[in-house]
Amino acid sequence: MAALAPPVAAIRVAVRRALNGLPPGGPVLVACSGGADSLALAAATAFVAPRLGRSAGLVTVDHGLQAGSAQRAEAVAVWAREVGFAPVEVARVEVAGRPGGPEAAAREARYQALTEAARQHGAAALLTGHTRDDQAETVLLALARGAGPRGLAGMPARRDLAGVPLLRPLLEISREQTRAACAALGLDTWQDPHNTDPSYARSRVRADLLPALVRALGPGVVDNLARTARLVAADNAALDGLAVAALAAARCADGGLSVAALAGLVPAVRGRALHTWARELGALPAALSYGHVNALDALVTEWHGQGPVDLPGGIRVLRRAGRLAPVDPT
């Protein structure tokens, strides 16, 4: 009996860890494009899930952005059925007309389709094939945007996606390992041309910036960037917990916030509390920026009689009588 290739074994272990602890009932669904990362994840899940007494399905999304995309999606679906996935679904989406750039629009369409499939099939979780290299790229993009700790925390290994647990089992696995695993298993992988298209920021980071950093600083830089994301995520969780408690203590009976209570907080906790409160008021999360939260903070720490702060979604917040409160639109 031939020895199991180390990359295959490592990916199976990662998938087993991710699936352990999920509540019983419902399949796990793998999002698979046919690329090496998601195909290696799918192959590992097809092996691991039945041994844990759990069924596994697969969803492949056809964005319709390239010639032959429908045939590629169908080929992934055929392979999935052959290796025992059920259900298997090809989700075709419309990217054009969505807000944001093409990268953001495709991502929004993809996750919407994956969420709908997970709900339809009562999935216990949805699995995606993001790797350690993807995490390192995410951290670099966050640095370039001037993102705060939330951005530098990168992608979480687990998060809620519209009520569905989204798992990323391969964040400790390198892209080189997924390619080696596919080669060891004899799997034909698809190369997404968007991954090498220089019009996309992530493609430029992947093709130019990250290799330059590896040449300058050594191969450990990829793991170090991913480790940074894990460390910052742990700090974020602790600060978020403090902010929840601080926000509860600062609330007034009328729904406003006590300026005195906010002023006594350290800036990192106060900023998070104000960010959470702004979202509770209805500020659009995608449009709520550092500038908005900083303006709210100035009502607490740099008060000199300024007028209300405008937040995304048509919300206005004013300081009056020692508290922050939304301005009644009437």
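Predicted model: local features only at pLDDT ≥ 70, side-chain atom pairs only at ≥ 80, totals over all residues.
This is a short talk on one protein chain, from its overall build down to a few single residues.

The protein has twelve helices and ten strands. Its C-alpha atoms fill a box of roughly 75 × 50 × 40 Å, taken along the principal axes. Of the 330 residues, 45% are buried. If you take the contacts between residues at least 6 apart in sequence, 67% of them join residues at least 24 apart.

I will start with two pairs of helices. The crossing is right-handed. On the H1 side, the residues that meet H2 are Ile 11, Arg 12, Val 15, Arg 16 and Leu 19. On the H2 side they are Ala 40, Leu 41, Ala 44, Thr 45, Phe 47, Val 48, Ala 49 and Arg 51. Sorted by class, that contact has nine nonpolar, one polar and three charged residues.

The second pair is H9, residues 220-250, and H11, residues 267-281. Here the axes are 8 Å apart and the angle is about 65°. How are H9 and H11 oriented to each other? The range from 65 to 115 degrees counts as roughly perpendicular, and H9 and H11 are therefore roughly perpendicular. This crossing is right-handed. H9 contributes Asn 236, Leu 239, Asp 240, Leu 242, Ala 243, Ala 246 and Leu 247, while H11 contributes residues including Val 269, Arg 272 and Trp 277. By class, the contact of H9 with H11 has nine nonpolar, two polar and three charged residues.

Now for single residues. Beyond its neighbours within four places in sequence, Ser 38 is in contact with Val 30, Ala 31, Cys 32, Ser 33 and Gly 129.

Next is Thr 128, in the loop between strand E4 and helix H5. Is Thr 128 buried or exposed? With 4% relative accessibility, Thr 128 counts as buried. Leaving out neighbours within four places, Thr 128 is in contact with Ala 31, Leu 41, Leu 166, Leu 167, Arg 168 and Pro 169. Ala 31 is also on the contact list of Ser 38, and Leu 41 is one of the H2 residues that meet H1. The side chain of Thr 128 also makes a polar contact of 3.0 Å with the side chain of His 130.

Last, some backbone details. Most residues other than glycine have a negative phi, and most peptide bonds are trans. Where is there a cis peptide bond? One joins Ala 86 and Pro 87, with omega about 5°. Pro 87 is in the loop between helix H3 and strand E3.

Two alanines have a positive phi. For Ala 162, phi is near 50°. Ala 162 is in the loop between strands E5 and E6, and with a relative accessible area of 44% Ala 162 is partly exposed. For Ala 321, phi is about 55°. Ala 321 is in the loop between strands E9 and E10, and at 79% relative accessibility Ala 321 counts as exposed.

Terms used. Residues numbered from 1 in each chain as written. Heavy atoms only, no water. Helix = DSSP H or I, 4+ residues; strand = E, 2+ residues; numbered from the N terminus. Buried < 20%, exposed > 50% of the residue type's maximum accessible area, 1.4 Å probe, protein only. Contact = heavy atoms within 4.5 Å. Polar contact = N/O pair within 3.5 Å; in protein donor to acceptor, adjacent residues only side chain to side chain. Axes fitted to C-alpha atoms, helices over the stretch in contact; angles between N-to-C directions. Parallel < 35°, antiparallel > 145°, perpendicular 65-115°, else oblique. Left-handed = near helix turned anticlockwise from the far one by under 90°. Nonpolar A, V, L, I, M, F, W, Y, C, P; charged D, E, K, R; others polar.
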